[in-house]
Amino acid sequence: LQQVKETKSLINAYHKLNENVYHWKFIPECDNSNQVISILSLAHDITELKQHEDQLKHEKEVAEISHKLKSNFISILAHDLKNPISGILSYTKKIRNNYDMLKKENVIEYCTEIEKASEKMLELVTEVLDITAIESGRRNFQFEEFDPSVLTQRVVLDYRQRSEVKQIQIIFLHEEKLKINTDKSALRQIL
């Protein structure tokens, strides 16, 4: 109130009382000699507004994190798709440029590599579609009992070449005859 008397101007203030938040306005009334003769104070409970504002801030933070995660995911996906596409292009160019000189065994070898790369790309695209279905609640899980070490070994083999290029060593240790009951495709995506 002293500040209102000294400045002779409107003052806004916020005050928390218990769990409620109030917006206060202090409005001075001055006489003809510009002296404050009274102060009108208005209080408005803005608790719900403040809670809504806090919720919006939280949702914005979550959206920003989600955007970063999706951007990272897309970057990784693009990188993972680039490798098989490069292989397909390389082998198709070899076949096209040397088709009259290639032995049948070479053509079969190149086609096998093209097929493997295509299967890898199809697998990646299927995983992306599965993730989208999971996020939207449209994914039905297919639970089955299986040995996770077989699936894990396959994932390790898929990533071994890339890890060696980056000088990363993957050591795979597993329990013998372990059985779990889960969705195999979902587990592979996690791995």
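1. Lysine 184 lies over the face of phenylalanine 146, at 5.0 Å from the ring centre; a charge is taken to sit over a ring if NZ of Lys or CZ of Arg is within 6 Å of the ring centre and within 35 degrees of the ring normal. This is a predicted model, in which local features need pLDDT of at least 70 and side-chain atom pairs count only at pLDDT 80 or more, while totals for chains, interfaces and linings use all residues. Residues are numbered from 1 along each chain as its sequence is written, and side-chain values use heavy atoms, with hydrogens and water left out.

2. How many salt bridges are there? The count comes to six, a salt bridge being a side-chain nitrogen of Lys or Arg within 4 Å of a carboxyl oxygen of Asp or Glu. In general, side chains of opposite charge can pair when their charged atoms come close.

3. One of these salt bridges joins the side chains of lysine 57 and glutamate 53, at 3.7 Å from N to O. Lysine 57 and glutamate 53 are four residues apart in helix H2 (residues 47–98), and so are separated by about one helical turn; helices (H or I, at least four residues) and strands (E, at least two) are DSSP runs, numbered from the N terminus. Lysine 57 is partly exposed at 46% relative accessibility, and glutamate 53 is partly exposed at 34%, where buried means under 20% relative accessible area, exposed over 50%, and partly exposed in between (1.4 Å probe, protein chains only). Lys50, Glu53 and Lys57 are linked in a network of salt bridges.

4. Helix H3 (residues 104–136) holds lysine 116 and glutamate 113, which are three residues apart and therefore separated by about one helical turn. Their side chains meet in a salt bridge of 3.6 Å, N to O, with lysine 116 partly exposed at 48% relative accessibility and glutamate 113 partly exposed with a relative accessible area of 28%.

5. Glutamate 123 and lysine 120 also form a salt bridge, their closest N and O atoms being 3.9 Å apart, and these residues, three apart in helix H3, are separated by about one helical turn. Is lysine 120 buried or exposed? Lysine 120 is buried, with a relative accessible area of 17%, whereas glutamate 123 counts as partly exposed at 26%.

6. Turning to the rings, the count comes to three aromatic pairs, where rings of Phe, Tyr and Trp (its six-membered ring) pair if their centres lie within 6.5 Å, and planes under 30 degrees apart count as stacked, over 60 as edge-to-face and the rest as tilted. Tryptophan 24 and phenylalanine 26 have ring centres 5.8 Å apart and planes at 5°, so this pair is stacked. Tryptophan 24 is partly exposed at 27% relative accessibility, while phenylalanine 26 is buried at 18%.

7. Tyrosine 91 and tyrosine 110 form a tilted aromatic pair, with 5.3 Å centre to centre and 35° between the planes. Because tyrosine 91 lies in helix H2 and tyrosine 110 in helix H3, the pair ties together parts that are 19 residues apart in sequence. Tyrosine 110 is buried, with a relative accessible area of 12%.
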